[in-house]
Structure formats: structure tokens, C-alpha cells
Amino acid sequence: MQLLKALWALAGAAICCFLIFVIHSQFLKEGQLAAGTCEIVTLDRDSSQPRRTIARQTARCACKKGQIAGTTRARPACVDARIIKTKQWCEMLPCLEGEGCDLLINKSGWTCTQPGGRIKTTT
């Protein structure tokens, strides 16, 4: 009888430990990004100036080796680190489909020109 009680207690403890392990591992996975992906954390827009909107966003990325956070098709993305080091921003295809990309003169950013002539500047 003692042995049976001890076995039940041991089985109960093992099940509890297993459940704690499963719950703990789920919490660790939550909030992690897949390698090579990004997500927008914050996005703020300021339209207080006439004919000008200033947008600031913060992204969180989990880039693979040799990559760094950048922009592709106006969305945060992991891009080749060489692009960032050499400031050849247009190589990461930051503009939307149909827009033209041009480097700023001082290479501090780029402009995306829409077919209608509207220009978006990113620094």
C-alpha cells in the first residue's frame, strides 16, 4: 500500500513538472520573431506642418548572419549588411512598386518618387 501511494505521488510530481516545462517553453516562444523577419513596434505620424507629414517608426528584427535591419517595399526587412555599410540605400528596394528611388546627395537617406510627382524622403 505504501509503495502504491509513493508511485502515485511520483507520477503526480512528474506530470506537474512536465506541465510547468510545457507552459514555460510556450512563454519563451511568445514574442520571438522568426529568423529573417521584422515587425513594426511603434508608428507615429506628425501632420502639424502644411504639405508635410513626418512619420517615425520603430521596428524589431531578427536578422540572419550577414543581414541587418533595413527597408524593402516601404516595410521593415532584413537586408544585406553591405548595403547599409556602403549607404547604397536604393539597393534594398525601399520604394513601393512603380516608384523611383534616388539617393540623397549626402547619402543620409533616399527619396521615392511616385508617378504623379509626389516625393517621399526617408533619412
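**View 1. Confidence along the predicted chain.** The mean pLDDT of this predicted chain is 79, and 75% of its residues reach 70 or more. pLDDT is the predictor's confidence in each residue, on a scale from 0 to 100. Among the elements, helix H1 (residues 2-29) has the lowest mean, 51. Strand S5 (residues 100-103) has the highest, 93. Where pLDDT is low, the predicted coordinates should not be read in detail. In this predicted model, local features need pLDDT of at least 70, side-chain atom pairs count only at pLDDT 80 or more, and totals for chains, interfaces and linings use all residues. Residues are numbered from 1 along each chain as its sequence is written, and side-chain values use heavy atoms, with hydrogens and water left out.

**View 2. The whole fold.** Two helices and seven strands make up the element list. Their order along the sequence is α-β-β-β-β-α-β-β-β. Helices (H or I, at least four residues) and strands (E, at least two) are DSSP runs, numbered from the N terminus. Of the 123 residues, 15% are buried. Buried means under 20% relative accessible area, exposed over 50%, and partly exposed in between (1.4 Å probe, protein chains only). The chain exposes about 9600 Å², and carbon and sulfur atoms supply 60% of that area. Areas come from the Shrake-Rupley method with a 1.4 Å probe; for residues, only the protein chains shown count as cover. Contacts (heavy atoms within 4.5 Å) are counted here at a separation of 6 or more, and 15% of them join residues 24 or more positions apart.

View 3. Strand S3 (residues 67-72) pairs with strand S4 (residues 75-80) in the antiparallel sense, over six bridges. Strands pair if DSSP finds at least two bridges between them. Ile68 stands opposite Val79 in S4. Two residues lie between the strands, and in this hairpin Arg73 takes a positive phi near 55°.

View 4. The structure holds four disulfides, each a pair of cysteine sulfur atoms within 2.5 Å. In sequence order, the bonded cysteines pair 1-2, 3-4, 5-7, 6-8. The sulfur atoms of Cys38 and Cys61 are 2.1 Å apart. Their S-S torsion is about 115°, so this disulfide is right-handed. Cys38 lies in strand S1 (residues 37-46) and Cys61 in strand S2 (residues 54-62), so the pair ties together parts 23 residues apart in sequence. Cys61 is partly exposed, at 26% relative accessible area.

**View 5. Two left-handed disulfides.** Cys90 joins Cys101, S to S 1.9 Å. The torsion about that bond is about -80°, so the link is left-handed. Cys90 lies in the loop between H2 and S5 and Cys101 in strand S5, so the pair ties together parts 11 residues apart in sequence. Cys90 is partly exposed at 23%, and Cys101 is partly exposed at 26%. The sulfur atoms of Cys95 and Cys112 are 2.0 Å apart. This link is also left-handed, with -85° about the S-S bond. Cys95 sits in the loop between H2 and S5, and Cys112 in strand S6, 17 residues away. Both Cys95 and Cys112 are buried.

**View 6. The tryptophan pair.** The structure holds one aromatic pair. The ring centres of Trp89 and Trp110 are 6.0 Å apart and the planes meet at 40°, so the pair is tilted. Rings of Phe, Tyr and Trp (its six-membered ring) pair if their centres lie within 6.5 Å; planes under 30 degrees apart count as stacked, over 60 as edge-to-face, and the rest as tilted. Trp89 lies in the loop between helix H2 (81-86) and S5, and Trp110 in strand S6 (residues 110-113), so the pair ties together parts 21 residues apart in sequence. Both Trp89 and Trp110 are buried.
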